[in-house]
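Subject: Structure for your review

Dear colleague,

Please find the sequence and the structure below.

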Amino acid sequence: MNTSETSLATVIRERRSVRKYDPNFKISQDEILDILKEASLAPSSSNLQPWKFLVIQDEETKKDLRLIANNQEQVETSSAVIAVLGDREMYRNGEKVYRSSFEAGYMDETTMNRMIENTNKLYPAAPVGIRENIASFDAGLISMQLMLIARARGYDTVPMGGFNKQQFIEKFNIDERYMPVLLLPIGKAAVPGHPTTRIPVEEVVEFI
């Protein structure tokens, strides 16, 4: 199954947060990479793509990660855990991003130079907290995209914010440029995720 074979509406309705996985089912590195490539089409502030991923598949490492993640079994039994990191220094991507757009014919050289200059002026001057908020928001966008793409391919996921981020940083030697945002186990459900209800949209929307 791939995204072209399943309607978006069906994918959205069928996605569940799954916490029990078939530990014998494995997704190849090539397919995980392909899923990440699709997900990276998600929007981001100034197209700076402030994210990085650690894909954890090694069984012993997953056992260690389970302890960091409040002993939640999906960390160990899923095929892999995709750790989504936010990039506090996303402006460092600017020249690569805009030069690539210029070379693809999406912008002219003047626009490229202006975008690079503006990025290098504005983002480094912004408080770290502002940049962290941007990185967290954009990491959320790509994570949602990841979950929908996985479901379209017949896989299951569960987004996890409940883990010790400092222990994660120490365990995986995360550079201070990056911050852990969430863990995303991915695999094949052993038990379907529970359906849930939603607050009626009419109660939370206001037209002005």
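How many residues does helix 6 have, and how far does helix 6 reach from its first C-alpha to its last? Helix 6 covers residues 109-125, which is 17 residues, and reaches 25 Å. That is close to the 24 Å expected at 1.5 Å a residue, where the expected span is 1.5 Å times one less than the number of residues. Helices (H or I, at least four residues) and strands (E, at least two) are DSSP runs numbered from the N terminus.

Before going further, please note that this is a predicted model, in which local features need pLDDT of at least 70 and side-chain atom pairs count only at pLDDT 80 or more, while totals for chains, interfaces and linings use all residues. Residues are numbered from 1 along each chain as its sequence is written, and side-chain values use heavy atoms, with hydrogens and water left out.

Met112, Ile116, Thr119 and Tyr123 of helix 6 are buried. Buried means under 20% relative accessible area, exposed means over 50%, and partly exposed lies in between (1.4 Å probe, protein chains only). An α-helix has 3.6 residues a turn, so residues three or four places apart point the same way. The buried residues of helix 6 pack against helix 5 (94-103) and helix 7 (128-152), contact being heavy atoms within 4.5 Å. At the N-terminal end, helix 6 is capped by Asp108, which places a side-chain oxygen 3.3 Å from the backbone nitrogen of Thr110.

Salt bridges

A salt bridge is a side-chain nitrogen of Lys or Arg within 4 Å of a carboxyl oxygen of Asp or Glu. By this rule the model has 16 salt bridges.

One of them joins Lys171 and Asp64, at 3.0 Å from N to O. This pair links distant parts of the chain, with Lys171 in helix 8 (residues 165-171) and Asp64 in helix 3 (residues 59-68), 107 residues apart. Lys171 is partly exposed because its relative accessible area is 37%, and Asp64 is partly exposed at 33%.

Asp87 and Arg177 form another salt bridge, with their closest N and O atoms 2.8 Å apart. Asp87 lies in strand 2 (residues 80-87) and Arg177 in the loop between helix 8 and strand 4, so the pair ties together parts that are 90 residues apart in sequence. Asp87 is buried, with a relative accessible area of 2%, and Arg177 is buried at 15%.

Within helix 5, Glu95 and Arg99 lie four residues apart, about one turn of the helix. Their side chains meet in a salt bridge of 3.8 Å, N to O. Glu95 counts as partly exposed at 46% relative accessibility, as does Arg99 at 32%.

A network of salt bridges links Glu31, Asp34, Glu38 and Arg153. Where is Arg153 found? Arg153 is in the loop between helix 7 and strand 3 (156-157), and counts as buried because its relative accessibility is 12%.

A nonpolar surface patch

Ile199, Val201, Val204, Val205 and Phe207 make a nonpolar surface patch of about 560 Å². Patches are made of residues with over 30% relative accessible area and no salt bridge, where like charges are joined within 9 Å and nonpolar side chains (Val, Leu, Ile, Met, Phe, Trp, Tyr) within 5 Å. Accessible areas come from the Shrake-Rupley method with a 1.4 Å probe, and for residues only the protein chains shown count as cover. Val201 is found in the segment after strand 4 (178-187) and counts as exposed, at 55% relative accessibility.

Yours sincerely

Terms used
A polar contact is a pair of N or O atoms within 3.5 Å; within protein, one must be able to donate a hydrogen and the other to accept it, and residues adjacent in sequence count only if both atoms are side-chain atoms.
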